[in-house]
Number of protein chains: 2
Amino acid sequence: MAAHTPRPVGTPEDLGRAPGLRERKKQQTRDALVQAAHLLFLSQGFARTTVDEIASAVDVSQRTFFRYFANKDEVALAVMADAEDYFIECLRRRPAEETPLQALRASIVKAWRDLGNARTSGPGSISSALELLRIIEETPALLAAHLRRVTEQERLVVQVLAEREGLDPAEDLRPVVLAAVFGSLLRSAHLSWTAEQEPAGPEGMVTVIERHFDQLGPALAGHWRS
Amino acid sequence: MAAHTPRPVGTPEDLGRAPGLRERKKQQTRDALVQAAHLLFLSQGFARTTVDEIASAVDVSQRTFFRYFANKDEVALAVMADAEDYFIECLRRRPAEETPLQALRASIVKAWRDLGNARTSGPGSISSALELLRIIEETPALLAAHLRRVTEQERLVVQVLAEREGLDPAEDLRPVVLAAVFGSLLRSAHLSWTAEQEPAGPEGMVTVIERHFDQLGPALAGHWRS
DNA sequence: GAGATTATGTCAGCCTCTGACATTCGGCAA
DNA sequence: TTGCCGAATGTCAGAGGCTGACATAATCTC
């Protein structure tokens with residue numbers, strides 16, 4: 001097992017090659033750990049769940065747990081992390097005619113919709129991610145780790161945007177600023193989704209996100225008092 | 001000592017009352033801890049500094065350290081936290097004629113300038129805060145904690161903005177969105193300040209922040225390709 | 001100065017996370 | 001099939017963050 005095990009991301013040469021037993025087992029324990037952790041977090045809360053519990057629920061040693069995940073946070077954020085990867089993929093595929101802002105909006109909506117239509121249960125399911133989002137928001141340590149992940153994702157967004165528009169992010173601040181704006185827009189959407197009794201599920205999330213996008217113009221415009 | 005010791009924030013009834021010996025001593029050890037931690041972090045890095053080291057540098061027990069700060073992160077972020085409080089104060093005082101965006105921009109610039117002109121050394125100095133910013137950015141755990149703090153501050157900004165403009169933040173998304181945008185704008189400014197060889201010190205930071213503000217309009221406008 | 005408050009120290013202990021080393025298991029080729 | 005190599009896992013020991021409980025010492029109040 002590679003040192004520190006980054007999350008398995010399908011490299012090009014993986015495609016079409018049948019993974020051996022070893023790989024399959026690895027994926028299996030990983031999924032099992034995520035799922036076990038998930039269940040425990042939901043039932044007992046994040047803080048009151050120990051790594052030992054998670055590990056022994058899957059019948060591996062604590063040490064093995066830490067070979068799959070760098071820390072306890074990571075296992076909680078794993079599902080969200082996968083979803084974010086998919087979003088980046090969507091963004092990469094947007095047609096060049098769209099403005100950067102349009103492309104971002106379209107990608108995030110598509111990502112949620114697709115994930116919503118995909119597997120609807122199991123460790124990688126999107127409803128899992130949504131339940132997790134609630135736990136994340138109410139657990140300071142997790143929220144912190146999540147926010148850090150999000151800002152790292154933002155760097156990727158900057159890169160993709162700059163590439164799309166053919167400019168150098170070191171020269172031009174616009175991709176940086178837009179990515180930042182987009183990131184925080186998403187976060188306030190998540191926040192309002194978890195806080196309010198919004199329609200649950202991915203489609204509810206899409207609604208909330210779109211509502212936030214629509215407020216972007218008005219928020220930046222002059223005075224608010226009508 | 002109150003349980004968990006939130007950072008001392010001057011309550012109205014404190015004003016003009018001479019603090020007793022006990023209070024003064026508390027403030028003294030707190031400052032000493034911050035300063036000692038600060039020096040150690042700068043010389044050895046955050047991770048390689050133990051709480052025991054910090055505590056014994058000030059000649060108190062480890063247990064006492066944890067009565068002042070909930071965790072190791074907090075002592076590192078203490079100076080930044082004070083600066084943020086001052087910013088909020090500035091925002092509260094902005095004239096009502098300014099648009100929300102103008103008020104935010106003016107407050108953050110004023111806050112950096114004032115803090116820059118105030119004590120220029122010592123545990124609460126602004127140059128300390130700036131040095132810390134570098135450490136924060138390169139220490140994942142600290143960055144995470146910092147980001148969480150920032151988003152909490154954002155909630156305050158939402159409140160102040162909503163109050164200014166006389167609207168209900170639960171009804172109207174504009175304060176929420178603007179605060180989010182502002183927060184991420186600041187963060188990318190910090191990032192570019194720590195990354196590049198920007199003019200050091202508070203004034204350099206002001207320059208960077210203003211440059212980012214100026215890009216806000218262009219970033220959101222249609223296509224970027226000229 | 002006596003008693004009530006409050007800060008500090010001490011101690012024991014849980015939990016997260018890591019390095020080192022031994023063991024077992026899957027992949028692969030003779 | 002057998003045997004070897006490398007990769008995954010287990011075991012163990014230990015550092016470091018953090019907390020509750022209780023005792024002690026300092027300040028405050030009257």
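Reply: Start with the surface near DNA strand C, which by class has seven nonpolar, six polar and eight charged residues. Near means a C-beta atom, placed from the backbone, within 6 Å of the strand. Ala, Val, Leu, Ile, Met, Phe, Trp, Tyr, Cys and Pro count as nonpolar, Asp, Glu, Lys and Arg as charged, and the others, Gly among them, as polar.

The model is predicted: local features need pLDDT of at least 70, side-chain atom pairs count only at pLDDT 80 or more, and totals for chains, interfaces and linings use all residues. Residues are numbered from 1 along each chain as its sequence is written, while chains are lettered from A and ligands numbered from 1 in the order in which they are written.

Of the 21 residues around it, G20(A), N71(A), M1(B), R63(B) and T64(B) come nearest. Helices are DSSP runs of H or I, at least four residues long, numbered from the N terminus.

The elements giving two or more residues are α1 and α3 of chain A, plus α1, α2 (51-58) and α3 of chain B. This surface has seven nonpolar, six polar and eight charged residues.

How are the two chains related? A rotation of 180 degrees with 0.0 Å of shift along its axis superposes chain B on chain A, at RMSD 0.1 Å. That is a two-fold axis.

36 residues of chain B are in contact with 36 of chain A; contact means C-beta atoms, placed from the backbone, within 7 Å. On chain B, α8 gives the most, with 11 residues. That side has 20 nonpolar, 10 polar and six charged residues. 100% of the interface residues of chain B are also interface residues in chain A, so the copies meet through the same surface.

One residue shows the packing in detail. Leaving aside neighbours within four places in sequence, L185(A) is in contact with H212(A), F213(A) and L216(A), and with V177(B) and A180(B) of the other chain.

Definitions and conventions: Two residues are in contact if their C-beta atoms, placed from the backbone, lie within 7 Å. Copies are superposed by least squares on the C-alpha atoms of residues with pLDDT of at least 70 in both.
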